[in-house]
Amino acid sequence: MMTMVAVVFVLAYAMIALEHPIKINKSATALIAAGLMWTLYSFASPLGAEGVSHQLTEKLAETAAIVFFLICAMTIVEVTDSHGGFEVITSRIKAKKLTSLLWIIGFITFYLSSILDNMTTTIVMVSLMKRLLKERKQRLFFAGIIVIAANAGGAWTPIGDVTTTMLWIGGQITTGNIMKGLWIASMINLLVPLIIASFMLKGNIVPPDKVENGATNTSQFEKTLMFFMGMGSLIFVPIFKAVTHLPPYLGILFALGVLWLVGNILHRNKPEEEKDHLTLTKALKRIDMASVVFFIGILLAVATLSANGMLPALAQWLDVKIGNQAIIVIIIGLCSAVIDNIPLVAASMGMYPLAQFPPDSFLWEFIAYCAGTGGSILIIGSAAGVVAMGLEKIEFFWYARRIGPLAFAGYFAGVAAYIIQYNLLH
């Protein structure tokens, strides 16, 4: 029966990886896998149904902490966007040459992704490209660079990437140390592709004939206020955790409440039809709930493998066969180019106990870097890549040929940078 649990997981993984060819939503696959795996485990476990239910309750609490955080973060971003807040950034970009724009977009994406999540940053920046560039080929190339920059920027902060957030909430990393430990490696991961791409891009920017203005009927004051309120809400969360030592989801729920209050005060004298699309209730309807459901399903499915002892056994097998932790983590990062990095990191968290590998150890920081940036190598390897693929209709093999080698070079340059830095400082 335990073998069947593993078989269900492998089949579900394959279906998630092949979501687009088989046209079956990965959220449905993840939920079915979670239900089947826990059911099969309860039949086979010597603990019985009651013991398994107790384990499931513990795992559900861990999953809920991540899901609450994601829902709140996505809602804050939607509220900021609906007020035209991101135009505070986009309206200030002034560049004439493609190479200049490349570096500006690269750095804005990198740092914006460290505050927001990489998926949201990709949506904002790819949408910006449609306002700045007329030629679709140029937009496709920039979209590829945005994916690399968003994943690199998200890896070095606890709120920039779902996988880093998972490690942070799980207690494997702390805010200050992950930012100090991974900034150089993440920056190298961005700089190497930018340098190579600079030799590939020639010419000046050709703006589109007609620029679609995404601004709402909000004033410049409201745009600026909601932008800084939104960004401040997200930055507040790690500060809240550091000061109170309470879970991050509580901090972001509090921040969301404050943002909601400010929005209500700001629009209380406006007519209903004018303020309807600006409300937080509307923002909640616009967030990608399919992704949230996928996180619930896949995290609970992986939790089964942790509860039944398979992941610790796999960790021991890898240690015996490979031995070198750095190589094991590099392989995990490369796998994340093909397979969703969320279950990979969730599996890693179950494989290596905190008692043996304490917070901020080499293993956890290196996993945060490799899993966060390895997904850039193929377009299906990260949420940022999948979003860009949908927005600009990027072909899988075009990305693999034109952007993949740049991401591959950046990934291994960052790997080398982190290992050198760790050896020098420890």
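## Exercises on helix packing and selected residues

Helices α11 and α12 pack with their axes 8 Å apart and at an angle of about 160 degrees. The model is a predicted one, in which local features need pLDDT of at least 70 and side-chain atom pairs count only at pLDDT 80 or more, while totals for chains, interfaces and linings use all residues. Residues are numbered from 1 along each chain as its sequence is written, and side-chain values use heavy atoms, with hydrogens and water left out.

**Exercise 1.** Classify the packing of α11 and α12 by direction and by handedness, and describe the contact by residue class.

*Solution.* Two packed helices are described by the angle between their axes and the distance between the axes. The axes are lines fitted to C-alpha atoms, for helices over the stretch in contact, and the angles run from 0 to 180 degrees between N-to-C directions. Angles under 35 degrees count as roughly parallel, over 145 as roughly antiparallel, 65 to 115 as roughly perpendicular and the rest as oblique; α11 and α12 are therefore roughly antiparallel to each other. Their crossing is right-handed, a term used if the near helix is turned clockwise from the far one by less than a right angle. In the contact (heavy atoms within 4.5 Å), residues of α11 including Phe221, Leu225, Met229 and Phe240 meet residues of α12 including Pro248, Ile252, Phe254 and Leu266. By class, this contact has 17 nonpolar, four polar and two charged residues, where Ala, Val, Leu, Ile, Met, Phe, Trp, Tyr, Cys and Pro count as nonpolar, Asp, Glu, Lys and Arg as charged, and the others, Gly among them, as polar.

**Exercise 2.** Carry out the analysis for α19 and α22.

*Solution.* The axes of α19 (residues 362-374) and α22 (residues 404-425) come within 10 Å and cross at roughly 165 degrees, and the two helices are therefore roughly antiparallel to each other. The crossing in which α19 passes α22 is right-handed. Among the residues that make the contact are Phe362, Phe366 and Tyr369 of α19, together with Tyr411, Val415 and Tyr422 of α22. The residues of this contact divide into nine nonpolar, four polar and one charged.

**Exercise 3.** Locate Lys23 and His245, and state the phi value of each.

*Solution.* Lys23 lies in the loop between α2 (19-22) and α3 (26-44), and its phi is near 55 degrees, a positive value in a residue other than glycine. His245 has its place in the loop between α11 (220-244) and α12 (248-267), and its phi is near 65 degrees, a positive value in a residue other than glycine. Lys23 counts as exposed at 71% relative accessibility, and His245 counts as exposed at 67%.

Conventions
Helix = DSSP H or I, 4+ residues; strand = E, 2+ residues; numbered from the N terminus. Buried < 20%, exposed > 50% of the residue type's maximum accessible area, 1.4 Å probe, protein only.
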